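I opened my notebook to record what I looked up, entry by entry. Here is the structure I worked from.

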Amino acid sequence: MSNSPYAVEMYDIVIRFPGVLANDHVNFTLKRGEIHALLGENGAGKSTLMNVLSGLYKPNSGVIKVNGQVVTFHSPRDAIAKGIGMVHQHFMLVPTQTVTENILLGLREPRFFMNLPRYERKVQELQAQFGLRVDPKAKIWQISVGEQQRVEILKTLYRGANVLIFDEPTAVLAPQEINDLIATMRALVAQGKSIIFISHKLHEVEAVADRITVLRKGRVTAEGLPMAGRTRRELAQLMVGRDVVFTLEKEARTPGEVVLQVRDLKATNNKGAPALRGLSLEVRAGEIVGIAGVAGNGQSELAECITGLRACDGGAVSVAGIDLTNQPPLAAILAGVAHIPEDRTRVGSSPNLTITDNVIMKTYRGEPIGNGATIDETKAEEYARSLKQSYDILAPSVQTLARKLSGGNLQKVILAREITTNPKVIIAVQPTRGLDVGAVEAIQQHLLQQRMAGTAILLISEELEELMALSDRIAVIYDGQIMGIVDAGQADINEIGLMMTGTRQTALHAS
Ligand SMILES: Nc1ncnc2c1ncn2[C@@H]1O[C@H](COP(=O)(O)OP(=O)(O)OP(=O)(O)O)[C@@H](O)[C@H]1O
Ligand SMILES: [Mg+2]
């Protein structure tokens, strides 16, 4: 050990991608035992900087020190050897293998298949030490996103990480899981670890960060400022360079006829257990109905049944009178259902296609882009360029591959594609998850515009604040059923909370 107070120092880091200066002479220091928040808009260069620190990218120039010593990383293995572990924004787990197998993956553990129970015990010890609950024998595909994240954390701890990099860990978590993660982070620093925390949710940053560094378009705009005494508004301003509206103006609107009708829907989840147990719901034209609930209570299955991605075992789904029960996704698209899915990279887009190909995915069949047989490339690109402009998508060109986009910009691509189909219904699942404060504002405005245009919107979100701000009515889901529906204007948070944990609205008002 050295006597440097810093676990990590990064000086003058430059990373150039074709057409983008992602890190422009960035300085960043991490003190031992601190939680340091790295903030910035979508595409500011946060993940890039952390990919440099975790040995994934080699910087064009710059110096990295760990515990005061200059280091050079040629691969993530080198970074791990120096005690640096990264929990990625997109998980890197093998779905068909177990939790323990994933934790051991890539390690040269002797005869690990023969000794699996021993390793499972080791994993359990780590879990107990840091409060990371997950069944070591479960297969990855069977466990929730929150649990998968715990596996990623366990993986880095198993490899002896002293510095943990969390790249937007809370973006995929439910409120209770966020509280658990915050507790885990505190336990980690209490036991001598140092943490870099990337988040767009400023209230979380307020709650846990000791210091902050802000990136803006690849440059540092605030370096290692103490967090104490700073306001959310100030942070937002440092990130986007302007004032951000925290309250949305929602115009009054009388909803029209029922567009989306879900009756007595039943479906099972990936594990074969009942996920929807007779769920009924209506959304009218020009209305936003929010679905509140703790993750894993049937929200994903509901969205999938409506959009044709999952078969249902009973009940019915219809849009504007057209029966969509157990119809393929194309039938839903043709009936006017737009889908902003939870999983942007696997369901929402094709990572290896360009922005152009991603935005025309639903419109290439008809005029003006296609004629049923061929696609007019020039028209397609023109169309993509106009969307790039109007949705403020940050990328070198419309030929940029989707997988090279930052999270927020990818979401804008999906939104642009879905909204321009003039949908009758939008199924929006966690539409602002992982987006920066400016992008959140933009996406929410787009949804409100769609509401004014008469689209029926089903908004599934774990952000109560967002549900309250956007919805006309809020339906609370629990164990595959709707516990009750309240007018967002008169919603009582406590009442919603009780319904989220399984109390029926009728029981609340019975006395
Ligand atoms: N592998 C890559 N190849 C080319 N360009 C890339 C690559 N990775 C990132 N970029 C570009 O570099 C810039 C910084 O991206 P980065 O992912 O670091 O942003 P971020 O701050 O993490 O954003 P977000 O909050 O959306 O995750 C963006 O313009 C992005 O498009
Ligand atoms: Mg990122």
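Which helices each supply at least two residues of the lining of the largest cavity? I looked it up: helix 5 (145–158) and helix 6 (175–190) do. I take helices (H or I, at least four residues) and strands (E, at least two) as DSSP runs, numbered from the N terminus.

Ground rules. This is a predicted model, with pLDDT of at least 70 needed for local features and 80 or more for side-chain atom pairs, while totals for chains, interfaces and linings use all residues. Residues are numbered from 1 along each chain as written, chains are lettered from A and ligands numbered from 1 in written order, and side-chain values use heavy atoms, without hydrogens and water.

**Entry: cavity**

Grid points are joined across faces, edges and corners, and a volume is the space filled by probe spheres set on the points. I counted 1 cavity of 30 Å³ or more. The largest cavity holds about 70 Å³ of space. Its lining consists of L132, G146, Q149, R150, I153, L173, E177, D180, L181 and T184. By class I get 4 nonpolar, 3 polar and 3 charged residues. Here Ala, Val, Leu, Ile, Met, Phe, Trp, Tyr, Cys and Pro count as nonpolar, Asp, Glu, Lys and Arg as charged, and the others, Gly among them, as polar.

**Entry: pocket**

A pocket is an open set with protein on both sides within 12 Å along at least five of seven lines. I looked at the second largest pocket, which has a volume of about 940 Å³. It is lined by 39 residues, and K201, H203, R232, E463 and E465 are the closest to its centre. Helix 6, helix 7 (202–208), helix 15 (437–452) and helix 16 (464–470) each supply at least two residues of this lining. The classes come to 17 nonpolar, 11 polar and 11 charged.

Where does the second largest pocket lie relative to domain 1 (6–240) and domain 2 (245–336 + 424–511)? Both domains give residues to the lining, so the pocket lies between them. The domain bounds come from an automatic or database domain assignment.

**Entry: rings**

I paired rings of Phe, Tyr and Trp (its six-membered ring) if their centres lie within 6.5 Å; planes under 30 degrees apart count as stacked, over 60 as edge-to-face and the rest as tilted. I found 1 aromatic pair. F17 and Y57 are edge-to-face, at 5.5 Å centre to centre and 80° between the planes. F17 is in strand 1 (residues 6–17), and Y57 is in the loop between helix 1 (46–53) and strand 4 (61–66), 40 residues apart.

**Entry: positive phi**

Most residues other than glycine have a negative phi. I noted D12, with phi near 55°, in strand 1. E168 also has a positive phi, about 50°. I located E168 in the loop between strand 7 (163–167) and helix 6. Is E168 buried or exposed? At 9% relative accessibility, E168 counts as buried. Buried means under 20% relative accessible area, exposed over 50%, partly exposed in between (1.4 Å probe, protein chains only). D12, at 42%, counts as partly exposed.

Terms used
On a 1 Å grid over the protein atoms alone, a cavity is a set of points where a 1.4 Å probe fits but cannot get out, and a pocket is an open set with protein on both sides within 12 Å along at least five of seven lines; lining residues have an atom within 4 Å of a point.
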